Number of protein chains: 2
Amino acid sequence: MPVKLSAPNPASLLPVKGVKLGFAQAEVRKPNRKDLLVITLPENSAVAGVFTLNRFCAAPVILCKDFLAQKAGIRALLVNTGCANAGTGQEGLNRAKQSCEALGNLLNIRANQILPFSTGVILEPLPVDKVIAGMPAAIENLKEDNWLNAAEAIMTTDIVAKGTSRKINLGGKDVTITGISKGSGMIHPNMATMLGYIATDAAISQAALESVIHHAVNKSFNCITVDGDTSTNDSLIMMATNLAGNAEINENSVDFTLLRDTLTEVAVELAQAIVRDGEGATKFMTVTVEGGKDEAECRKVAYAIAHSPLIKTAFFASDPNLGRILAAIGYAGIDDLDVNNMELYLGNVLVAEKGGRAASYREEQGSAIMKESDILVRVVLNRGKANCTIWTCDFSYDYVKINADYRS
Amino acid sequence: MPVKLSAPNPASLLPVKGVKLGFAQAEVRKPNRKDLLVITLPENSAVAGVFTLNRFCAAPVILCKDFLAQKAGIRALLVNTGCANAGTGQEGLNRAKQSCEALGNLLNIRANQILPFSTGVILEPLPVDKVIAGMPAAIENLKEDNWLNAAEAIMTTDIVAKGTSRKINLGGKDVTITGISKGSGMIHPNMATMLGYIATDAAISQAALESVIHHAVNKSFNCITVDGDTSTNDSLIMMATNLAGNAEINENSVDFTLLRDTLTEVAVELAQAIVRDGEGATKFMTVTVEGGKDEAECRKVAYAIAHSPLIKTAFFASDPNLGRILAAIGYAGIDDLDVNNMELYLGNVLVAEKGGRAASYREEQGSAIMKESDILVRVVLNRGKANCTIWTCDFSYDYVKINADYRS
C-alpha cells in the first residue's frame with residue numbers, strides 16, 4: 001500500500017483556465033481501463049519539457065524533443081499507457097507520428113503541435129490503430145474539470161492517482177497550478193518511467209518557463225529513486241496558458257521566484273507521491289547527505305544508500321541493521337573519505353561516529369525509528385559545505401511480485 | 001536453492017602439502033555451528049591477498065594489509081563468522097589484534113604472522129573472548145585433510161559449502177591446488193562479503209604469486225555481482241607452501257602461465273559458486289558485452305544489466321520482458337551509444353537490432369530460454385574490440401526474505 005498517500009479528492013484538483021482533458025478506454029493492452037489521455041491547450045501557451053537521458057529513449061520522446069524544437073506552438077498532448085513504444089526502431093517513430101497526425105486531423109491542428117507520450121511494456125509495437133480508434137471518445141469528453149480522470153488515465157502499476165493544486169496571487173491576479181504524475185517502478189534520477197504534467201494559467205515567457213522546469217526537476221524528479229532503473233520514456237511537461245490576466249513573468253520579474261517555487265513545490269509533491277506509491281513500498285525514506293565537498297559526492301553517497309537492496313530490505317523488515325548503511329557509504333566511491341570523521345543519524349538519533357557505533361546509541365532507539373513509515377537517514381561527511389536530499393522507498397516481497405508478474 | 005551447485009564431495013578436495021586446517025564451534029553469534037577456522041602454513045610459504053575497496057573496510061582487513069606489508073612470514077590464518085568486526089572503530093582494531101596475539105601465543109608465532117578475517121553482522125563488537133576460547137579446539141583438530149570442514153566453517157547465509165581442487169604437473173612434480181570460498185549476498189566487484197582461500201604446494205616467488213592473484217581476481221571475483229553491494233570484509237588469499245618440490249616459479253618461468261591459469265580457473269569456479277548460491281537465486285546469468293571501445297564501457301553495460309532489479313525479477317519470473325535489458329543498456333552511461341547499431345542476444349537467439357525487436361524474433365524463443373537455469377545475455381555494441389563477461393543471478397522473493405530476516 002502507498003506510504004501515507006491517497007488519491008486526491010476530486011475537488012482538490014483545480015481547473016486551469018484553457019487546459020481541457022479527455023480520456024478514453026482504448027484497450028491498448030487491457031480492456032476496461034482508462035488508457036488514453038488527450039490534453040488541449042489554447043493558442044499562445046508556453047510549453048517546456050524535460051526528458052529521459054536513456055540512450056534507448058522511446059519514439060514519442062524523440063518526437064517530443066523534435067516538435068518542441070520546431071516551436072510550432074504546442075496545442076495538444078496525447079498519452080497512452082499499456083505500451084511504451086520504446087525499443088521499436090523506425091517503425092515506432094512512424095507509429096508515434098501517425099498517431100499525432102490522426103489527432104491533428106481531429107483537432108484541426110498540425111502533427112508537430114502535438115506532444116505524444118507512451119508508457120508501458122518496452123520492445124513491443126504500439127497498437128496505433130487502437131490508439132487512433134480511442135481518440136474520438138477522448139475528444140468527446142474534453143473539459144477543464146477532468147484532472148482526476150486524467151491522473152487515472154495515465155496510471156500503470158500505480159495504486160493511487162497522483163495530483164495536486166496550488167493557488168497563488170501574481171500582481172493582483174489569481175493564478176492556478178495543477179499537476180498530475182504517474183510512475184511507481186523504474187524510478188531513478190535522470191527521470192523515471194514517470195510522466196508528469198504541470199499546468200498553470202499564469203502568463204510566463206517561454207525562456208522563464210524553461211528556467212523554471214530545469215530548476216524544478218533538479219529539486220524533485222531528479223531526487224527520487226525506487227529501484228535505480230532509468231526509463232526510456234520519462235517526461236515532465238510544464239504548460240502555461242497565459243489566461244490568468246497577470247503581466248507576463250520573465251526571469252527578472254518580482255514574482256518570478258514565487259511562481260518558480262510554487263511550481264517546484266508541486267513538482268516535489270508529485271515526485272514524492274511516486275516514491276510513496278513505489279512498487280511494493282511500505283516505507284518512505286528521506287536520505288540527506290551534508291558536509292560534502294560538492295553536491296556530486298553527496299549524491300554518490302545518497303544513491304549508494306538509496307539503491308542498496310540490503311538496506312532497502314532491512315527497512316522493509318524494520319530491522320536497524322545499520323551497518324549496511326556504513327558499508328554503502330564506504331563503497332559510494334569517495335576515495336579519500338575519512339570514515340573516522342563522519343556521523344550517521346537515524347531520525348535525530350546519532351548511530352555512528354568515529355568509524356564505529358556511537359557510545360550513546362541503543363538498539364531500542366533504532367528499532368523505534370525503523371517502525372515508523374517515514375524515516376530520515378542523515379549522513380554528515382564533515383568535508384565541506386555541500387549537501388543533497390533524495391527520497392526513496394523500501395524493498396519488499398511485493399516489489400518482486402509486481403515486477404515478476406508485470407506482463408502476465 | 002543453489003543453481004546447479006552442490007557441496008563438494010569430501011574426497012574431491014585434495015590436501016595441499018603443509019596446509020593444515022582446524023575448526024571450532026565458538027558460539028560467536030549462534031550455538032551449534034562451526035564458526036571458527038584456523039589455517040596454518042609452514043615456514044617460507046608465499047602469501048598474497050586482495051581486499052575490499054570499501055572505505056569502511058573492517059578491522060581485520062586493515063590488519064591483514066598491515067601484516068602482509070610487514071613481511072614477517074605469514075604462518076596462520078584465523079577466520080570467524082557471526083560478526084564482521086566492521087564499523088567498530090579503534091576498539092575493533094584492538095580486538096582483532098588481541099585475537100591474533102592469543103593465537104600467536106598458542107601456536108608460538110608472532111601476531112603479525114597471522115592474518116585475521118571476520119564475516120557477519122556489521123557495526124557490532126567482536127566477542128573476542130568467545131573467539132579466543134574457541135582456539136584450542138580448532139588447533140586440536142588441525143589437519144591437512146580438513147578442507148570441507150573448513151569450507152563449512154566459513155559459511156554465513158551460504159546454503160552449500162564451496163570448494164574445488166586441481167592437480168597439475170610442473171617440471172615433473174605433482175602440484176595440488178585447493179580453494180574454498182564463502183559468500184552469497186553483498187556480492188559485487190571490488191570484492192564482496194566474500195572470503196576466498198586458495199592454496200597450492202607449488203614453489204612460486206612472492207612477486208609471481210602477487211601477479212597471479214591480481215590476474216585471477218580480475219577474471220573471477222571482480223566479475224560477479226548478486227546485489228551490487230560491496231562488503232566491508234572481502235578478502236581473497238593465495239598461499240603457496242613451496243613443498244611440491246618443483247623449481248621455484250617466477251614470472252618468466254615456462255610453467256608460470258600453466259600455474260597462473262589453473263589458479264585462475266579455481267578462482268573462477270569459486271566465484272561462480274558464490275553466484276550460484278546467491279541469496280534466493282533460482283537462475284545463473286552470464287552477461288557478455290562485446291564490441292565496446294574499451295573494457296570499462298563494456299563493464300558499465302554489463303553491470304547496468306546485472307544490477308537492474310527489474311531485469312533480475314523478470315528472470316526470476318522466466319518472463320522474456322527483454323525491453324528492460326534495452327532500457328538498462330540505454331542508461332548504462334555510454335553517452336554516444338548508437339542504439340540503432342547494436343544487437344542483443346538471449347542465448348543464441350537474436351532479440352533486438354536496429355533499435356528495436358529483431359524481425360526474426362519470436363516470443364516463444366525467448367520464453368524457452370528464460371525457463372533454463374543457466375542463461376546467456378549477450379550484447380554486441382559494434383563500436384570496437386573490447387569485451388567483458390560477468391556473472392550474476394536473479395532476484396526472488398527469497399532474496400527479500402533472507403535479507404529482511406538476516407539478523408533475527
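## A helix tucked inside

Let's start with helix 9 of chain A: eight of its eight residues are buried, so this helix is largely enclosed by the rest of the structure. Keep in mind as you look around that this is a predicted model. The buried residues of helix 9 of chain A are A:Gly323, A:Arg324, A:Ile325, A:Leu326, A:Ala327, A:Ala328, A:Ile329 and A:Gly330.

What covers the buried residues of helix 9 of chain A? The cover includes helix 7 (295-307), helix 8, strand 12 (343-346), strand 13 (349-353) and strand 15 (374-380) of chain A.

## Where the chains touch

In the contact between the chains, 56 residues of chain A meet 55 residues of chain B. On the side of chain A that touches chain B, the elements giving two or more residues are helix 2, helix 8 (309-316), helix 9 (323-330), strand 14 (356-357) and helix 11 (397-405) of chain A. Which of them gives the largest share? That's helix 9 of chain A again, with six residues. Sorted by class, this side of chain A has 25 nonpolar, 21 polar and 10 charged residues.

## Two domains in one chain

Chain A on its own is assigned two domains: domain 1 covers 10-276 and domain 2 covers 284-405. Taken over C-alpha atoms, the centres of these two domains of chain A are 33 Å apart. Where they touch, domain 1 of chain A supplies 10 residues and domain 2 of chain A supplies 11 residues.

On the domain 1 side of that contact, strand 9 (224-225) and helix 6 (256-276) of chain A each give two or more residues. Helix 6 of chain A has the largest share, three residues. By class, this side of domain 1 of chain A has four nonpolar, five polar and one charged residues.

## A five-stranded sheet

Chain A has an open sheet of five strands in the order 3-10-8-7-6, with mixed pairing. Which strands sit at the edges? They are strand 3 (46-51) and strand 6 (162-170) of chain A, and each pairs on one side only. From one strand to the next, the twist averages 10°. Within this sheet, strand 7 (residues 173-182) and strand 8 (residues 195-200) of chain A run antiparallel and are joined by six bridges. For a spot to look at, find A:Thr178, which stands opposite A:Ala199 in strand 8 of chain A.

Two helices lie across strands of chain A. Helix 1 (residues 59-70) of chain A lies across strand 3 and strand 10 (235-240), at about 140° to strand 3 of chain A. Helix 6 of chain A lies across strand 6, strand 7, strand 8 and strand 10, at about 170° to strand 6 of chain A.

## Strand 10 over in chain B

Hop across to chain B and look at strand 10 (residues 235-240). Six of the six residues of strand 10 of chain B are buried, so this strand is largely enclosed by the rest of the structure. Both of its faces are covered: B:Ser235, B:Ile237 and B:Met239 are on one side, with B:Leu236, B:Met238 and B:Ala240 on the other.

What about its pairing? Strand 3 (residues 46-51) of chain B pairs with strand 10 of chain B in the antiparallel sense over six bridges, and B:Ala48 has B:Met238 as its bridge partner. Strand 8 (residues 195-200) of chain B runs parallel to strand 10 of chain B, also joined by six bridges. There, the bridge partner of B:Ala199 is B:Met239.

## Two asparagines with positive phi

Most residues other than glycine have a negative phi. A:Asn108 has a positive one, near 60°, and is in the loop between helix 2 (89-107) and strand 5 (114-121) of chain A. Is A:Asn108 buried or exposed? A:Asn108 counts as exposed, because it has 7 C-beta neighbours inside 10 Å.

B:Asn85 also has a positive phi, near 45°. This residue is in the loop between strand 4 (76-83) and helix 2 (89-107) of chain B. B:Asn85 is buried, with 33 other C-beta atoms within 10 Å.

Technical notes:
Residues are numbered from 1 along each chain as its sequence is written. Chains are lettered from A and ligands numbered from 1 in the order in which they are written. This is a predicted model: local features need pLDDT of at least 70, side-chain atom pairs count only at pLDDT 80 or more; totals for chains, interfaces and linings use all residues. Domain bounds come from an automatic or database domain assignment. Two residues are in contact if their C-beta atoms, placed from the backbone, lie within 7 Å. Helices (H or I, at least four residues) and strands (E, at least two) are DSSP runs, numbered from the N terminus. Ala, Val, Leu, Ile, Met, Phe, Trp, Tyr, Cys and Pro count as nonpolar, Asp, Glu, Lys and Arg as charged, and the others, Gly among them, as polar. A residue is buried if 20 or more other C-beta atoms lie within 10 Å of its own, exposed if 12 or fewer, and partly exposed in between; C-beta atoms are placed from the backbone. Two strands pair if DSSP finds at least two bridges between them. Axes are lines fitted to C-alpha atoms, for helices over the stretch in contact, and angles run from 0 to 180 degrees between N-to-C directions.
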